[in-house]
Number of protein chains: 2
Amino acid sequence: MIQGKGQNARPTMVDVANAAGVSKSTVSRAFSQPEMLGTETVSRILEIASSIGYVPNHTARALSTGRYGNVALVVPDVTNPFFPPLIRAAQMSADLADYCVFLGNSDESWRQEDKLLDRFVGQVDGLLLVASRLSEERIHGHAARKPTVLINRDVRGIPRVLIDSGQGVQEAIAHLAALGHKRIVYVSGPSTSWSNQQRRNAVRQGARDFHLHVDIVAARVASYESGRAVVPTILATGASAAIAFDDVTAHGIMTGMADLGVSVPSSFSVIGCDDVLGAATYPSLTTVSTRSDEAGHAAMSLLLDLLNSRSVGDARITLDTHLVVRGTTSAPPRR
Amino acid sequence: MIQGKGQNARPTMVDVANAAGVSKSTVSRAFSQPEMLGTETVSRILEIASSIGYVPNHTARALSTGRYGNVALVVPDVTNPFFPPLIRAAQMSADLADYCVFLGNSDESWRQEDKLLDRFVGQVDGLLLVASRLSEERIHGHAARKPTVLINRDVRGIPRVLIDSGQGVQEAIAHLAALGHKRIVYVSGPSTSWSNQQRRNAVRQGARDFHLHVDIVAARVASYESGRAVVPTILATGASAAIAFDDVTAHGIMTGMADLGVSVPSSFSVIGCDDVLGAATYPSLTTVSTRSDEAGHAAMSLLLDLLNSRSVGDARITLDTHLVVRGTTSAPPRR
DNA sequence: TCTTGACGTGCAACCGGTTGCATAGAATAG
DNA sequence: CTATTCTATGCAACCGGTTGCACGTCAAGA
């Protein structure tokens, strides 16, 4: 666009340069490499710049340097309470390094995720994919274009932060076993979810260690309603306790139990995962705490490190989890 | 950066131009103004472009056109359940128009909000501020630079989408009055929040209409914990029902009541606002439903309209609310 | 005193597109 | 058959920065 600059046009470097009686280059360096210039030159330029309201143009800088100062953050579903704390933490980490973050919501669809990433790729330095629903091939494809960090997705060769439910689930099962439970169920979440697979396996392993019988009951999706709906199936197994894929599902299960007149925890114990509801259920939920905010913070830091020193490597950070015992677990009813 | 292009450099327009035996301009027009060119020229160029994997450079285009294809979305707190549905809806609306969205979390601080906006301003076409904590002056300042739309903030001259709690709160009070309540309390939220002021006034007005006595009890912030903590104060007023600033606070109140052995709803009725918890509390919460997702959608659509046709005007869209009666309200206890 | 080097600054090319204007050839009018 | 209007395309300037290299100056070393 060839445009005469109106009176409200933002000042540019040449405006500053003219006002200061120096060249465009010098102004540029005053901002990006001040140590290259004379001390008083720098201060004079900065002063003049701020006096006429000059602000460097992000886009122009990006074009010539190829560095955008932006990162993309893509999650499957913003409205799932697991993600907001993570988003907030990632956001703040990026913020401290003066990065802006694009948010994408894939709506649990790999096509949507793919489309968003294609849109973002031209204006970001790096990607942060949370619980990606993409195939490994496509993840590798995107990672080949831009530095990429994954959360809760274990792809060899791509830096990743994994919330390891193993420890927490182990504790949960030990807790149930100590209370005297013999038969439990695991209420699974989305089959494409890495976390779900990991938790399911951890439950199986833990049950083996403590000699408990475990049934797997599938909730179609991770939601309050599907937890509530699956209660009859849970009870049909004859179990006295359930570990749910996540807190939201666990919460639904609690309500479903109440609907059927089964009291929690005296008649049935419930354990969630993620600790996103805090103590907000009644009774408050015993759960495996996963600190999604720590994951967000760790992953963003990792990504930013990557962007500074291209020391890629095959980072694989795992975050421990632990059981938080609250009010939804007790000894099984005698019969 | 003066760089020889490595073998993995993305192809540019000139690459396409050379391959097609035309000039750079022609390739440009094949993408942005195809009707200006010969039909077969366009198709040939597009074909060659895709065959060598050419993708237009978003940043370069932005630099010369001054249009970025991005919008900024700033909220006070991603982790407050009111916002994620709104974010999701805004995101999807932007997505349909091929816009990317920057997300900012102001952490309830106007300084942070200001800082984020300054960072965003250089690479967005418009701003969407949700429940902004900025002063009117600063809002006007930012709005002068970029087309701006507000949600739940009523600033004259700036297009805004307001969730009007009036109707819903009126219904809530009618509901309580019909049940026989005489004395109620309003548990307020953040004092800087427009929604809080609006709801407080609506409660006062409604109470006047139905001849109820209303006390205002201040929760320091809108959170589960502060709702829980304020329960003794609520009970001290002698009221038999409470309307809380939002669902999260209401939920806290429910727990606080249970802590003190006051049963909801038989001994005390509770009504929330926002309907973000769905039926997820127990008993399920009677609340004023505000459809934050609709607000997100409406506001983003408004902003995008603004960006296309600078028909600014002083749009002021209000969204109705209504009461959803669930399980936390009943007749007051007899004494 | 002359060379040498460090230091501070300017010149101009470059990043990858967009677009006003010019122009050549074809189509239509006179 | 020439004058006029379109149409399709190219040229080159421009968006607002960054940066390799050249140049001039001044001080230290020979």
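A residue counts as near a strand if one of its heavy atoms lies within 4 Å of that strand. The exercises below apply this idea, and a few related ones, to a predicted model.

**Exercise 1.** Describe the protein surface near DNA strand D, going from its nearest residues to its classes and elements.

*Solution.* Finally, look for the largest share, which is that of H4(A), with 5 residues.

**Exercise 2.** Work out which part of DNA strand D the protein approaches, and find residues of chain A that lie by its phosphate oxygens.

*Solution.* Consider the atoms of DNA strand D within 4 Å of the protein: 60% of them belong to sugar or phosphate, while the rest belong to bases. For A:Asn57, by contrast, a backbone N or O atom lies 3.3 Å from a phosphate oxygen.

**Exercise 3.** Characterise the interface of chain B and chain A by its contacts and its buried area.

*Solution.* Count the residues on each side: 47 residues of chain B are in contact with 48 residues of chain A. The area buried between the two chains is about 4100 Å², and carbon and sulfur atoms give 54% of it. On the side of chain B, the residues that lose the most area to chain A are B:Thr59, B:Arg119 and B:Tyr282, which together make up 14% of what that side buries.

**Exercise 4.** Examine the polar pairs across the interface, and then say what the side of chain B is made of.

*Solution.* The rule finds 8 salt bridges between chain B and chain A. To check one example, take B:Asp95 and A:Arg119, whose closest N and O atoms are 2.6 Å apart; this falls within the 4 Å cut-off, so the pair counts as a salt bridge. There are also 18 residue pairs in polar contact between the chains. The elements of chain B that give two or more residues to this side include helix H5 (83-96), strand S2 (100-105) and helix H6 (110-121). By class, the residues on this side divide into 23 nonpolar, 15 polar and 9 charged.

Note on methods
Residues numbered from 1 in each chain as written. Chains lettered and ligands numbered in written order. Predicted model: local features only at pLDDT ≥ 70, side-chain atom pairs only at ≥ 80, totals over all residues. Heavy atoms only, no water. Contact = heavy atoms within 4.5 Å. Buried area = accessible area lost by both parts, 1.4 Å probe. Salt bridge = Lys/Arg side-chain N within 4 Å of Asp/Glu carboxyl O. Polar contact = N/O pair within 3.5 Å; in protein donor to acceptor, adjacent residues only side chain to side chain. Helix = DSSP H or I, 4+ residues; strand = E, 2+ residues; numbered from the N terminus. Nonpolar A, V, L, I, M, F, W, Y, C, P; charged D, E, K, R; others polar.
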